[in-house]
Amino acid sequence: RHGQHQEVGLATTDALLTAGRLPEAERLLRHLVNERPQDDGVYERLLTLKGTGVVSLLDALYEQDRFEERPLIWKAMALRRAGQWAEAEQAVRQALAVDPTDGEQPAGQRVLGYSVLGDLLKDQQRTHDAAFFDRVVQSVRIAEEGDALAEAGLLRQSLAKYEEAEGLFADAYCVQWRLAERLHALGDVKGAEQHYRIAFERMPEQFGRMAS
């Protein structure tokens, strides 16, 4: 029900924007972003409406909840659009310290911070560093495909996806954990223990403020 309410709110906002009723659209977006501060659709519209003028609002939202990384990520996007790369990189790295994997987001919207950081590095011709973050994002997307297969009961097929994800980013604790879970479910306890061990070793360095 709450999700439907949010969709209605965004649809109403789009109608107001199309009609040129910008102050009303902004008021509604401010209400929506306070009500649901993890919704990327709201941030996207705020950025389109206000440009870098949205930064002060995003700073205020982060001060309200320092366990929510989305305002920082979208601040980085706003600053990147203005060509303020150093400030944008500082904001997105701050977001990654809060929650690097966006674990509470649905599939397809996780690791947004890594994606934004990769784009920022490409802007600055730092292609080697950017490639690392591109691999992280790709690894998580493939792992999400594995999750969908696992939910459908296709454990062996999901295991193949997790192994593919591991090949791109072997140090990802979340991928190692998934591999361990699938192997354990398939009866390979020894194999599962190996991946559980790697996952626990990686957790301290990869957990942000939220997970910790």
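**Helix packing in the predicted model**

A: In this predicted model, the protein has eleven helices and zero strands. Read from the N terminus, the order of elements is accordingly α-α-α-α-α-α-α-α-α-α-α. Taken along the principal axes, the box filled by the C-alpha atoms is roughly 60 × 40 × 25 Å, and of the 212 residues in the protein, 44% are buried. Among contacts between residues at least 6 apart in sequence, 55% join residues that are at least 24 apart.

As to confidence, the mean pLDDT of the protein is 92, with 95% of the residues at 70 or more. Among the elements, the lowest mean pLDDT, 82, belongs to helix α1 (residues 2-18), whereas the highest, 98, belongs to α5, which is one of the helices examined below.

Consider, to begin with, helix α2 (residues 22-35) and helix α3 (residues 40-50), whose axes come within 10 Å and cross at roughly 145°. The crossing in which α2 passes α3 is left-handed. On the α2 side, the contact is made by Leu-22, Glu-26, Leu-29, Arg-30, Leu-32 and Val-33, and on the α3 side by Val-42, Tyr-43, Arg-45, Leu-46, Leu-49 and Lys-50. Sorted by class, the residues in this contact of α2 with α3 are eight nonpolar and four charged, with no polar residue.

Helix α3 also contains Leu-47, a residue that is buried because its relative accessible area, 4%, falls under the 20% cut-off. Not counting residues up to four places away in sequence, Leu-47 touches Val-54, Trp-74, Met-77, Ala-78 and Arg-81. Arg-66 lies 19 residues from Leu-47 along the chain, and the C-alpha atoms of these two residues are separated by 21 Å.

The next pair consists of helix α4 (residues 55-64) and helix α5 (residues 70-81), which pack at an angle of about 160° with their axes 9 Å apart. Since angles over 145 degrees count as roughly antiparallel, α4 is therefore roughly antiparallel to α5. Here too the crossing is described by its hand, and α4 passes α5 in a left-handed crossing. From α4, the residues Val-55, Leu-58, Asp-59, Leu-61 and Tyr-62 meet Pro-71, Leu-72, Trp-74, Lys-75, Ala-78 and Leu-79 of α5. This contact of α4 with α5 divides into nine nonpolar and two charged residues, and no polar residue takes part. Trp-74 and Ala-78, which belong to the α5 side of this contact, are also among the residues touched by Leu-47.

Val-111 is not a glycine, yet its phi is positive, at about 50°; its place is in the loop between α6 (85-98) and α7 (112-123). With a relative accessibility of 1%, Val-111 counts as buried. Gln-125, likewise not a glycine, has a positive phi of about 65°, and this residue is placed in the loop between α7 and α8 (127-151). Gln-125 is exposed, because its relative accessible area of 63% is over the 50% cut-off.

How values were computed: Residues are numbered from 1 along each chain as its sequence is written. This is a predicted model: local features need pLDDT of at least 70, side-chain atom pairs count only at pLDDT 80 or more; totals for chains, interfaces and linings use all residues. Side-chain values use heavy atoms; hydrogens and water are left out. Axes are lines fitted to C-alpha atoms, for helices over the stretch in contact, and angles run from 0 to 180 degrees between N-to-C directions. Helices (H or I, at least four residues) and strands (E, at least two) are DSSP runs, numbered from the N terminus. A crossing is left-handed if the near helix is turned anticlockwise from the far one by less than a right angle, and right-handed if clockwise. Contact means heavy atoms within 4.5 Å. Ala, Val, Leu, Ile, Met, Phe, Trp, Tyr, Cys and Pro count as nonpolar, Asp, Glu, Lys and Arg as charged, and the others, Gly among them, as polar. Angles under 35 degrees count as roughly parallel, over 145 as roughly antiparallel, 65 to 115 as roughly perpendicular and the rest as oblique. Buried means under 20% relative accessible area, exposed over 50%, partly exposed in between (1.4 Å probe, protein chains only). pLDDT is the predictor's confidence in each residue, from 0 to 100.
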